[in-house]
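Try each task before you read its solution.

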Amino acid sequence: MLTVALPKGRIGDDSLRLFEKIFNKEFRFGDRKLILEVDDFKFLRVRSQDVPTYVYHKAADIGVVGLDVLEEHRLDLVRVLDLGFGKCSVSIGIKSDKEIDFSKPSLKVATKMENITRDFFSKRAIPVEIIKLYGSIELAPLVGLADMIVDIVETGETMRQNGLKPALKIMDSSAYLIANKNSFYEKKGEILDLRQKIKEVLHGS
Ligand code: PRP
């Protein structure tokens with residue numbers, strides 16, 4: 001039996017489609033259901049940012065989550081496989097008519113990814129004030145709350161529609177299959193078997 005934490009949204013849906021292809025049966029959560037049991041799997045539907053927490057505390061053996069979330073959380077987890085979907089980047093966004101000016105004495109950066117942001121700027125010795133937000137990050141430069149943002153860019157449409165442009169890419173991201181360290185040790189056979197099946201469906205190899 002493997003317990004699998006899946007994020008609500010696209011990555012979770014794509015993961016279930018992957019399981020459907022592998023096992024040739026339906027894997028669907030009921031309307032508001034948060035647990036789905038099919039054969040030897042128990043799926044948990046959680047917020048994307050909570051996937052590493054469920055897996056780290058072994059409430060789930062494995063999970064699927066974006067690399068951006070893993071890099072932000074920094075929990076000690078096994079990265080089993082890059083699934084290749086859910087591709088996006090973590091980028092600096094700025095007003096379309098502006099250029100980044102790192103020499104400005106007090107740069108304000110709005111983001112929900114504080115760790116990634118702090119690391120990026122401190123590695124370059126650029127002093128910044130990080131303003132933590134929980135969503136609608138693109139709004140911050142428009143109302144003078146921040147000079148720039150660090151946020152997820154997938155199609156770039158949200159930035160574009162709000163008069164921003166991605167000015168610098170910090171990292172690429174895609175969905176990863178992750179495992180709890182103890183689970184990976186105790187259920188290695190099951191997890192590696194699943195990894196192999198996923199690889200076959202994804203790459204035909
Ligand atoms: C992300 C991100 C952007 C948007 C980018 O939000 O914060 O707002 O997607 O996508 P685009 O480049 O295709 O327009 P998400 O939908 O993950 O929601 P959240 O930030 O509210 O969690």
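**Exercise 1.** Which side chain meets that of Arg-10 in a salt bridge?

*Solution.* The model is predicted: local features need pLDDT of at least 70, side-chain atom pairs count only at pLDDT 80 or more, and totals for chains, interfaces and linings use all residues. Residues are numbered from 1 along each chain as its sequence is written, and side-chain values use heavy atoms, leaving out hydrogens and water.

Step 1. Apply the rule: a salt bridge is a side-chain nitrogen of Lys or Arg within 4 Å of a carboxyl oxygen of Asp or Glu.

Step 2. Arg-10 pairs with Glu-154, at 3.7 Å from N to O.

Step 3. Arg-10 lies in helix 1 (residues 10–23), and Glu-154 lies in the loop between strand 9 (148–153) and helix 5 (157–161), so the bridge ties together parts that are 144 residues apart in sequence. Helices (H or I, at least four residues) and strands (E, at least two) are DSSP runs, numbered from the N terminus.

**Exercise 2.** Is Arg-160 buried or exposed?

*Solution.* Step 1. Recall the cut-offs: buried is under 20% relative accessible area, exposed is over 50%, and partly exposed is in between (1.4 Å probe, protein chains only).

Step 1. Arg-160 has 55%, so Arg-160 is exposed.

Step 2. Check its salt-bridge partner, Glu-157. At 31%, Glu-157 is partly exposed.

**Exercise 3.** Which residues are buried in helix 7?

*Solution.* Step 1. Find helix 7 at residues 188–203.

Step 1. Ile-191, Leu-194 and Ile-198 are buried there.

Terms used. Expected span 1.5 Å × (residues − 1).
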